[in-house]
Amino acid sequence: MFSLSEIFTLTLIRATVRMSTPILLAALGLIVTELANITNIGVEGIMLVSAFIAVAASYWSGSWVVGILAAVVAGVLIAALMALIHLKFKADVFVAGIAINLFSLAFTRFLLKNWFGVAGSFYSPRISPIPRINLSFLQIHPVIDTLFNNYNLMDYLAIVLVFVFNFLIYKTVWGLRLRFTGVHPAAVETGGISVTTKKLQALLISGVLGGLAGAHLSLGYTTQFIENMTNGRGFIGVAAMYFGGVAPITTWLASLFFGFTEGVGARLQTMGFPSQFILMMPYVATVFAITFSMIRQQKKLTQKQPF
Amino acid sequence: MNKKLLIVLSLSLVLLIGTVTMAASPVRVALVLSGFLGDQSFNDSAHQGLLRAVEDFGIELRVLESEVPADWEQNLVAMADAGYDLVIASSTQFQDILERNAGYFPHIKFGIIDGVVEQPNVVSAVFAQNEGSFLAGAAAALWTQYDHLPGVNSEKTIGWVGGMDIPVLHDFLTGYRQGAQYIDPDIRVLVSFAGSFSDPVRGKELTLSQYEQGADIVMNVASGTGNGILEAAYEEGKYAIGVDLDQDGIYPGSIVTSMLKRIDQAAYLMTQQVVEGTYEGGQVLYMDIANGGVSLTDMSVMQAALGDDFPAEILEVIEELTQKVRNGEIVVESYEGFRRN
């Protein structure tokens, strides 16, 4: 009925990369906040609002650049709201995150109705999508061309950002202070640096990345907005962040793993595997990933303590 | 004591007056959805039918949307409780909910589209989606043979992407397969479910993967998820088949035809019955090829996009098959539980 060669094709690698990008962008933002000791589950809501704003801005301006910028601004604003709730009014960060997620779902519905007079979904040929990038120097060989060329701009950008954040976190003073904000906030304060400011910075940066993730969903991967179109991808980002050990490069690999389960699933289904089982795979993978990373964390903790 | 009595009396008076004034007011119809408007498909179609009823009969319409299963029962009960004359539950997912609750509101008239509830105050409308899909499958099997068209490969492979894996979608699939095999017994049909009716990203990914596996035309049976399916066809220069509503014009030249499930007609008919007093609880309205409840579009959008390249033969074949199903020469199979009695 099916053969492995039909599943493991070059196009599967493409699908893996495509499906990993929104997860990766969300997870990068989550790393930054997690290092400052904030588990920002509000990223799902940030992505959803940004996805909507990206479509709206692109529709009105006819430019995807404006779309991305507007999405980033929207992401930062929602993140700032989250900072207000958590840092200023000291609400529990999970509660703040859930509040943001519920708010975003209703808020995008509201805007959809008010700005475009539609419910459920919005698309139009006037929405300008984020282009795919054709790098002619990769066309030297068909395999290389299939593997590396013609991805969406955001797919490339996400990979570049992995290395940018790896540098920022591990090679700069800013990164050192950020990491210490999570590990030992008292030491940071003693050093004359405000923990609250650091946390605020982290949240705003996660807003930027959540904004990019949202813009990718609605302008990059597809060119439309549908209610709740994030469909839990922000939460899978949380899983990828833990699975990747809260570090950019390993989190990238974790995101690719989640993208891979989606890509393989899409192919296995057409081979006649029961859809219920296949559709479960990304979530089962999430449970395993979290379990695995928690066991690892526990081990680390026990190793550190001599008794 | 007396005070309490007074309050009760005055309250019942208010209620009485309320009921009397209501009798003069227009028929109130509530539409309860298991999803959102704007899907350009199932939900929008039901809404359109009722908007037509608003124009024709001056009814008062209220629409309740939610994609959270926990809300569906609440919404339905709330509308019945609010005394709407007709509460239409639009989708098969309301079947159990209505079965449980219709008995509590014996004076409220209910309608269910795409499911059967055998209660004295429920009218059910069911579609022969298998018959409509039979035509769609035949159209797809013909299309994949037209190698001269751009984007059509030599492989005899067609695709099908559904939303959630629920019985009614299997009824679509059963007909689609039969229709495809009627045209070409050796055809390969790729099948995927997205597990959601509101995830266009996954819908697009599943469709891209079917194209990569040799399909050149994919049928969409996925509501909001389906928007991603149609977009994939447009971007890859391949083809798709729309569902429920006429989706041909969303990406002209990419959507060969749409299988029309006249949900609007069913919603309209139920309302008409209530308005005209012919509503009869327990009745089942069968919407099939014979009474125009299901059909394909006339492919005029595709014809305009392709010009002289358009294979006119396909229209003749579809017409011939329509006749054969109508006069019983072809019996379209149903998925278990959807067989007519």
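User: What makes S5(B) and strand S11 (residues 284-287) of chain B a pair, and in which sense do they run?

Analyst: S5(B) and S11(B) share four bridges in the parallel sense, and two strands pair if DSSP finds at least two bridges between them, so the term applies. Within this pairing, Val126(B) stands opposite Tyr286(B) in S11(B). This is a predicted model, in which local features need pLDDT of at least 70 and side-chain atom pairs count only at pLDDT 80 or more, while totals for chains, interfaces and linings use all residues. Residues are numbered from 1 along each chain as its sequence is written, with chains lettered from A and ligands numbered from 1 in the order in which they are written.

User: Which other strand pairs with S5(B)?

Analyst: Strand S4 (residues 109-113) of chain B pairs with S5(B) in the parallel sense, over four bridges, and Gly111(B) stands opposite Val123(B).

User: Why is strand S5 (residues 122-127) of chain B called mostly covered?

Analyst: Six of its six residues are buried, a term that requires 20 or more other C-beta atoms within 10 Å of a residue's own, with C-beta atoms placed from the backbone. Val122(B), Ser124(B) and Val126(B) point one way, Val123(B), Ala125(B) and Phe127(B) the other way, and all are buried.

Conventions. Buried ≥ 20, exposed ≤ 12 C-beta atoms within 10 Å, placed from the backbone. Helix = DSSP H or I, 4+ residues; strand = E, 2+ residues; numbered from the N terminus.
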